[in-house]
Amino acid sequence: MIGRLSGVIAEKSPPQVLIDVAGVGYEVDVPMSTFYNLGALGERAVLLTHLSIREDAHQLFGFLTADERSAFRQLIRISGIGPKMALSLLSGLSVAELAQAVTAQDAGRLTKVPGIGKKTAERLLLELRGKLGADLGAPVSVGNAAQADILQALIALGYSEKDAGSALKSLPADVGVSEGIKLALKKLS
């Protein structure tokens, strides 16, 4: 519903900032990595947001990068991981560090974050395997417009960018869009 805020930083009180957008102040909870990288009071800021609506509250969470927001959304999909714990994880580990921990299946790295015990860390690693890895944020390279169209078609069909990118690499460079989609679907099935 609210995907991005662009305004002036009116207040900063960890882990919350108040962003004044055309006279309306939005209270936004942010991970500490975002908090420390925001400017000073009175400076302009742009935050990507995630709106969480519960029975008793509407909470807005803000992030400086799309990778942070994506990791946050992956975390809150896990049973038992709420927005506060996800913020705590992103405050204690950068997205790259979290992705490395998932790739290496390193529960010890996650347990260093306050509030994350051994069982929770193991569940996180299990749930995030294949969804969050060392290649997070690495863009899929496309050689031409036809390959870009094939990639977008596969993503529109519900495949992850990672899976679509790996299927794209196996295609001949001069393949047409419709033939490329057929070949990629065969590879993915």
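**Figure 1. The whole protein at a glance.** Buried residues make up 38% of the 189 residues in this protein. Keep in mind as you look around that this is a predicted model. You can find nine helices and five strands here. Along its principal axes, the C-alpha trace spans about 55 × 45 × 30 Å. If you take the contacts between residues at least 6 apart in sequence, 50% of them join residues at least 24 apart.

**Figure 2. Strand S4 and its partners, S1 and S5.** Let us begin with the strands. S1 covers residues 4-13 and S4 covers residues 44-53; the two run antiparallel and are joined by five bridges. Look for Gly7, whose bridge partner in S4 is Ala45. S4 also pairs with S5, residues 58-63, again in an antiparallel way, and here there are six bridges. In this pairing, Leu48 stands opposite Phe63 of S5. How many residues lie between S4 and S5 in their hairpin? There are four. While you trace the strands, remember that side chains in a regular strand alternate between the two faces of the sheet.

**Figure 3. A cis peptide bond between two prolines.** Zoom in on Pro14 and Pro15: the peptide bond from one to the other is cis, with omega near 0°. Pro15 sits in the loop that links S1 to S2, the strand at 16-21.

**Figure 4. Two residues with a positive phi.** Most residues other than glycine have a negative phi. Ala22 has a phi near 55°, a positive value in a residue other than glycine. You will find Ala22 in the loop between S2 and S3, the strand at 24-29. Is Ala22 buried or exposed? Its relative accessible area is 82%, so Ala22 is exposed. Gln105 belongs to the loop between H4 and H5, the helix at 107-111. With a relative accessible area of 31%, Gln105 counts as partly exposed.

**Figure 5. Gln100 and Leu132.** Gln100 is part of helix H4, which covers residues 95-104. Its relative accessibility is 41%, and therefore Gln100 counts as partly exposed. How far apart are Gln100 and Leu132 in space? Their C-alpha atoms are 8.8 Å apart, while 32 residues separate them in sequence.

**Figure 6. Helix H7 packed against helix H8.** Two packed helices are described by the angle between their axes and the distance between those axes. H7 (residues 145-156) and H8 (residues 161-169) pack at an angle of about 140°, with their axes 9 Å apart. That angle makes H7 oblique to H8. The crossing of H7 past H8 is right-handed. On the H7 side, the contact is made by Gln147, Ile150, Leu151, Leu154 and Ile155, and on the H8 side by Glu161, Ala164, Gly165 and Leu168. Sorted by kind, the residues of this contact are six nonpolar, two polar and one charged.

**Figure 7. Helix H8 packed against helix H9.** H9 covers residues 177-188, and H8 packs with H9 at an angle of about 115°, their axes 9 Å apart. This makes H8 roughly perpendicular to H9. H8 passes H9 in a right-handed crossing. Asp163, Ser166 and Ala167 of H8 make the contact with Ala184, Lys187 and Leu188 of H9. These residues divide into three nonpolar, one polar and two charged.

**Figure 8. Helix H7 packed against helix H9.** The axes of H7 and H9 come within 9 Å and cross at roughly 45°. H7 and H9 are therefore oblique to each other. The crossing is right-handed where H7 passes H9. Which residues meet in this contact? From H7 come Ala146, Asp149, Ile150, Ala153 and Leu154, and from H9 come Val177, Gly180, Ile181, Ala184, Leu185 and Leu188. By kind, the residues of the contact of H7 with H9 are nine nonpolar, one polar and one charged.

Definitions and conventions
Residues are numbered from 1 along each chain as its sequence is written. This is a predicted model: local features need pLDDT of at least 70, side-chain atom pairs count only at pLDDT 80 or more; totals for chains, interfaces and linings use all residues. Side-chain values use heavy atoms; hydrogens and water are left out. Axes are lines fitted to C-alpha atoms, for helices over the stretch in contact, and angles run from 0 to 180 degrees between N-to-C directions. Angles under 35 degrees count as roughly parallel, over 145 as roughly antiparallel, 65 to 115 as roughly perpendicular and the rest as oblique. A crossing is left-handed if the near helix is turned anticlockwise from the far one by less than a right angle, and right-handed if clockwise. Contact means heavy atoms within 4.5 Å. Ala, Val, Leu, Ile, Met, Phe, Trp, Tyr, Cys and Pro count as nonpolar, Asp, Glu, Lys and Arg as charged, and the others, Gly among them, as polar. Two strands pair if DSSP finds at least two bridges between them. Buried means under 20% relative accessible area, exposed over 50%, partly exposed in between (1.4 Å probe, protein chains only).
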